[in-house]
Amino acid sequence: MLILTTYDWVPEPPRGYVRDLRARWALEESRLPYRVESTPFRDRGAEHLAHQPFAQVPWLTDGDVSIFESGAILAWLGERSPALMPADARGRAEVMQWLFAALNSVEMATLPWGLFHLMRQADDASPQWRFFDDWTRARLARLEPVLAEREWLAGSFSVADIAMADVLRLVDRFQGLDDSPACAAYVARATARPAFAKALADQLAHFAAAD
Ligand SMILES: N[C@@H](CCC(=O)N[C@@H](CS)C(=O)NCC(=O)O)C(=O)O
């Protein structure tokens with residue numbers, strides 16, 4: 001039995017975007033059996049740090065393996081299910097490069113961009129904001145022609161799409177995909193999948209239950 005651990009509660013703004021969603025989504029796509037456990041949001045103790053050294057979530061337990069970082073969890077689950085990653089070396093390489101690209105080339109720019117919005121600091125008069133806005137626009141401009149010509153990043157749907165679509169969701173939340181129709185259509189396509197809907201509903205219900 002796979003066990004996914006997330007916080008017992010989070011404030012309202014990040015709900016629906018907490019990274020356990022990526023693991024939930026992959027688990028739903030794979031149909032692997034799993035359950036969700038909670039770790040305290042407010043009181044992050046030694047047990048938490050033993051699984052996630054930055055006191056963050058999520059982490060996944062698979063037998064005697066405990067693994068943190070949403071990207072590493074996606075890669076791990078990809079190895080467990082052909083619904084998430086092909087078994088052949090070339091296919092795996094395709095998925096891995098796009099998984100890393102989502103996290104290391106796109107999210108690196110878009111996460112600070114999203115945080116500016118969350119903190120209501122997205123102000124064109126601010127050079128710091130303009131830096132992150134330009135950086136995000138540059139990444140989207142390169143991604144746009146890629147997504148205009150393919151349904152999914154690496155052939156069939158994979159963990160790379162879970163990562164990339166979830167990264168782009170945060171941009172979409174603040175209307176950042178308005179000038180990137182292929183990126184917007186890709187997010188709509190990915191989030192129309194029943195596994196995403198289940199993962200999102202389950203995350204929202206999990207945190208709401210603790211209110
Ligand atoms: N790179 C990590 C980031 C994990 C992360 O930022 N988790 C957030 C929830 S989405 C968290 O635990 N935030 C609380 C904190 O940083 O104290 C991953 O992808 O798993």
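Student: How many nonpolar, polar and charged residues are in the shell around the ligand?

Tutor: The shell has four nonpolar, two polar and three charged residues. In this grouping Ala, Val, Leu, Ile, Met, Phe, Trp, Tyr, Cys and Pro are nonpolar, Asp, Glu, Lys and Arg are charged, and the others, Gly among them, are polar. Please note that this is a predicted model, in which local features need pLDDT of at least 70 and side-chain atom pairs pLDDT 80 or more, while totals for chains, interfaces and linings use all residues. Numbering starts from 1 along each chain as its sequence is written, and side-chain values use heavy atoms, with hydrogens and water left out.

Student: Which residues are those around the ligand?

Tutor: They are Tyr7, Val18, Arg19, Arg44, Gln56, Val57, Pro58, Glu69 and Ser70.

Student: How much of the ligand does the protein bury, then?

Tutor: The protein buries 72% of the 510 Å² that the ligand exposes when taken alone. Such areas come from the Shrake-Rupley method with a 1.4 Å probe; for residues, only the protein chains shown count as cover.

Student: Back to Val57: what kind of peptide bond leads from it to Pro58?

Tutor: That bond is cis, with omega near 5 degrees. Most peptide bonds are trans. Pro58 belongs to the loop between α2 and β3 (59–62). Helices (H or I, at least four residues) and strands (E, at least two) are DSSP runs, numbered from the N terminus.

Student: What about Glu69: what is its phi?

Tutor: Glu69 has a positive phi of about 80 degrees, although it is not a glycine. Most residues other than glycine have a negative phi. Glu69 is in the loop between β4 (65–68) and α3 (70–80).

Student: Why does Glu69 count as partly exposed?

Tutor: Because its relative accessibility is 41%. Buried means under 20% relative accessible area, exposed over 50%, and partly exposed in between (1.4 Å probe, protein chains only).

Student: Which residue has a positive phi near 60 degrees?

Tutor: Gln175, also not a glycine, has that value. This residue lies in the loop between α6 (159–173) and α7 (181–191). With a relative accessible area of 51%, Gln175 is exposed.

Student: A new topic: is Arg15 buried or exposed?

Tutor: Arg15 is buried, because its relative accessibility is 10%. It is found in the loop between β1 (2–7) and α1 (20–30).

Student: What does its side chain reach at 2.8 Å?

Tutor: The side chain of Arg15 reaches the backbone oxygen of Val10 at that distance.

Student: Last one: where is Gly78?

Tutor: Gly78 lies in helix α3, and it is buried at 4% relative accessibility.

How values were computed: A residue is near a molecule or strand if one of its heavy atoms lies within 4 Å of it. A polar contact is a pair of N or O atoms within 3.5 Å; within protein, one must be able to donate a hydrogen and the other to accept it, and residues adjacent in sequence count only if both atoms are side-chain atoms.
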